[in-house]
Amino acid sequence: MTQGLAGLGAFSLAGGLAQAADAPVEITWRDLVPDSGGTEFDALRDLGVVQHGQLSTPFDQEKGGAVTTEYNGTVVRIPGYLVPLDFDGTSVTAGLLVPYVGACIHVPPPPPNQLIYVTADKSPYEAQGLFEPVYVTGLFGTSAATTQLAEVGYALSADLIEPYS
């Protein structure tokens with residue numbers, strides 16, 4: 001990461017402790033697109049998942065990348081595909097959670113509101129393959145960051161990464 005995830009630490013104490021005792025909030029990729037913003041955002045929400053080529057111009061990418069703060073400081077559970085970025089031996093300790101197979105492997109990447117930077121320092125994940133669907137549960141929040149693959153709009157400190165079932 002070339003920019004830190006300081007925003008994640010800023011809210012983790014405020015909302016995370018109270019939420020931690022509760023069951024995680026189940027969210028989808030559609031939930032990560034803001035409710036306001038005009039017809040572009042309505043179109044993105046209706047799609048649910050943004051595929052390559054659906055945002056064709058840099059202007060579309062910029063408008064389509066706005067994030068929502070609705071889940072800041074909340075423990076969430078979201079399905080996706082984990083693209084590994086950092087390892088401890090064979091365990092993934094950091095990666096990008098993406099909504100569909102092949103995201104961030106091909107160009108252009110999805111907009112920032114369709115990418116989550118996941119850290120799994122407490123419980124590294126033993127990945128079976130690059131295209132394995134998973135559920136990630138942990139403390140969630142907005143965090144503008146840049147990785148070697150893409151601009152990212154969200155961060156999640158994973159308590160649990162498990163195969164999708």
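Which backbone nitrogen does the side chain of Glu132 reach? I find the backbone nitrogen of Gln128, at 2.9 Å.

Housekeeping: this is a predicted model, with local features needing pLDDT of at least 70 and side-chain atom pairs pLDDT 80 or more, while totals for chains, interfaces and linings use all residues. Residues are numbered from 1 along each chain as its sequence is written, and side-chain values use heavy atoms, leaving out hydrogens and water.

Still on Glu132: I place this residue in the loop between β5 and β6 (133-146); strands are DSSP E runs of at least two residues, numbered from the N terminus. Glu132 is buried and has no salt bridge, with the nearest side chain of opposite charge, Arg77, 12 Å away. Buried means under 20% relative accessible area with a 1.4 Å probe, protein chains only; a salt bridge needs a Lys or Arg side-chain nitrogen within 4 Å of a carboxyl oxygen of Asp or Glu. I also see the Glu132 side chain contacting the Tyr125 side chain at 2.7 Å.

Next, strand β3 (residues 91-98). Eight of its eight residues are buried, so β3 is largely enclosed by the rest of the structure. I checked its partners, where pairing takes at least two DSSP bridges:

- β2 (residues 74-88) runs antiparallel to β3 over seven bridges, and Val83 stands opposite Leu96.
- β4 (residues 116-119) is joined to β3 by four bridges, also antiparallel; Leu97 faces Ile116 there.
- β5 (residues 125-126) pairs antiparallel with β3 over two bridges, with Glu126 as partner of Ser91.

Notes:
Buried means under 20% relative accessible area, exposed over 50%, partly exposed in between (1.4 Å probe, protein chains only). Lys and Arg count as positive and Asp and Glu as negative; His and the chain ends are not counted. A polar contact is a pair of N or O atoms within 3.5 Å; within protein, one must be able to donate a hydrogen and the other to accept it, and residues adjacent in sequence count only if both atoms are side-chain atoms.
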